[in-house]
Amino acid sequence: LNMNNNSQSAKPPLLFHKLFSLGDFRLNPEILSKRQMALFVLCLIVSVIVKILIIDLNMIDHGEGATRTWNALWWAESPFFVEPLSGNPGWFYLIGPMIMITREIFYTPVITMILAVTIAGIYIFKITLLFGSYRTAMLAFIIYTLNPVIFRLNFTPVPQQLYLAAICIMIYYFIKAVAAEQSRQCLKYFIIAGVFSFICLLFRPEGLFILLGYCVIAFNTRKRGVFLFIFLTILFQLIWMVISYQMYGDFFKTFTTVRDYDYLVGSNLENSGIMIKLKGFFLPYYFIVLGTTFVLFYFFVKGALSI
């Protein structure tokens with residue numbers, strides 16, 4: 001019996017075989033004509049130029065963004081180990097050194113946010129192109145770019161944008177890993193996806209709830225590289241939990257700090273009704289459902305059916 005090390009062993013999913021089995025489904029090859037590529041690059045460049053030109057015209061007054069920016073600068077002037085009480089540390093470790101290198105505190109974080117939001121848009125285009133037509137992918141990119149909720153993030157220096165870029169990249173490579181036919185490709189894509197999962201949690205703690213779902217899906221596929229993906233995904237959280245417990249006797253101090261702040265300001269969210277809690281969990285992602293879905297879903301189905 002001859003075995004090809006590069007071929008994917010035919011292991012069925014552990015659960016929901018019909019739902020998770022690919023069958024004859026294949027991702028689109030992501031091949032663009034010169035004209036299509038030129039149009040996308042032109043839209044990309046125009047969007048970045050417009051964002052940069054209107055930096056001085058935006059009227060966003062964002063106390064949290066200003067506080068985070070100054071805190072990053074203070075950290076860079078005298079570096080120290082960021083504790084779980086201050087939230088996940090990626091923002092300090094990235095933005096602080098950038099401000100020190102550029103010696104500029106206003107444009108540096110804002111341009112970084114523009115780049116992060118733009119990178120996320122590129123990968124939204126690429127993800128859509130895996131399933132739908134070029135027109136569908138362009139529409140996804142345009143709707144994402146012009147979405148008011150997303151657009152204001154270009155000028156708001158907070159970690160969400162860096163998390164958004166990382167998770168879009170992660171999702172792209174995760175899809176490629178799950179759909180890969182060769183074992184070596186599965187391993188490569190799952191490792192890349194795992195690295196960006198790790199980066200996600202460097203910036204936003206709530207990313208854990210989304211990433212654990214991807215871990216379950218990955219485990220169910222039984223493909224090569226799954227355990228590396230899961231390990232890389234939870235690695236930061238495990239390290240952070242150990243540090244948190246040693247310092248505070250609490251595995252989830254980053255999360256409980258939010259609850260403590262809730263008590264401080266008197267909003268008492270913990271005793272609020274279930275609908276209020278669900279609303280708070282859903283709001284950060286509402287633009288995905290309300291901002292794009294109704295229009296995008298039609299063109300996505302239309303594009304997918306025309307393959």
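In this predicted model, helix 8 (residues 160-179) and helix 10 (residues 207-221) pack together with their axes 12 Å apart, at an angle of about 10°. On the helix 8 side, the residues involved are Y163, I167, M170, I171, F174 and V178. They meet G207, I210, L211, Y214, I217, A218 and T221 of helix 10. Sorted by class, this contact turns out to have 11 nonpolar residues and 2 polar ones, with no charged residues.

A second pair tells a related story. Helix 9 (residues 183-203) and helix 11 (residues 226-248) have axes that come within 8 Å and cross at roughly 10°. Here too the angle makes helix 9 roughly parallel to helix 11. Helix 9 brings L187, F190, I191, A193, G194, V195, S197, F198, L201 and L202 to the contact, while helix 11 brings V226, L228, F229, L232, T233, L235, F236 and Q237. The tally for the contact of helix 9 with helix 11 is 14 nonpolar and 4 polar residues, and again no charged ones.

Helix 3 (residues 63-77) is 15 residues long and reaches 21 Å from its first C-alpha to its last, close to the 21 Å expected at 1.5 Å a residue. Its buried residues are G65, T69, A72, L73, W75 and A76. Seen down the axis of helix 3, these buried residues fall within an arc of 160°, so they line one face of the helix. The general rule behind such patterns is that an α-helix has 3.6 residues a turn, so residues three or four places apart point the same way. As for partners, the buried residues of helix 3 pack against helix 4 (90-102) and helix 5 (107-131).

Finally, two loop residues have backbone angles worth a glance. Most residues other than glycine have a negative phi. R103, in the loop between helix 4 and helix 5, has a positive phi, near 55°. R222 also has a positive phi, near 60°, and sits in the loop between helix 10 and helix 11. In terms of accessibility, R103 counts as exposed because its relative accessibility is 67%, and the cut-off for exposed is over 50%. R222, at 34% relative accessibility, counts as partly exposed.

Notes. Residues are numbered from 1 along each chain as its sequence is written. This is a predicted model: local features need pLDDT of at least 70, side-chain atom pairs count only at pLDDT 80 or more; totals for chains, interfaces and linings use all residues. Side-chain values use heavy atoms; hydrogens and water are left out. Axes are lines fitted to C-alpha atoms, for helices over the stretch in contact, and angles run from 0 to 180 degrees between N-to-C directions. Helices (H or I, at least four residues) and strands (E, at least two) are DSSP runs, numbered from the N terminus. Angles under 35 degrees count as roughly parallel, over 145 as roughly antiparallel, 65 to 115 as roughly perpendicular and the rest as oblique. Contact means heavy atoms within 4.5 Å. Ala, Val, Leu, Ile, Met, Phe, Trp, Tyr, Cys and Pro count as nonpolar, Asp, Glu, Lys and Arg as charged, and the others, Gly among them, as polar. The expected span of a helix is 1.5 Å times one less than its number of residues. Buried means under 20% relative accessible area, exposed over 50%, partly exposed in between (1.4 Å probe, protein chains only). The arc is that of the directions from the helix axis to the C-beta atoms.
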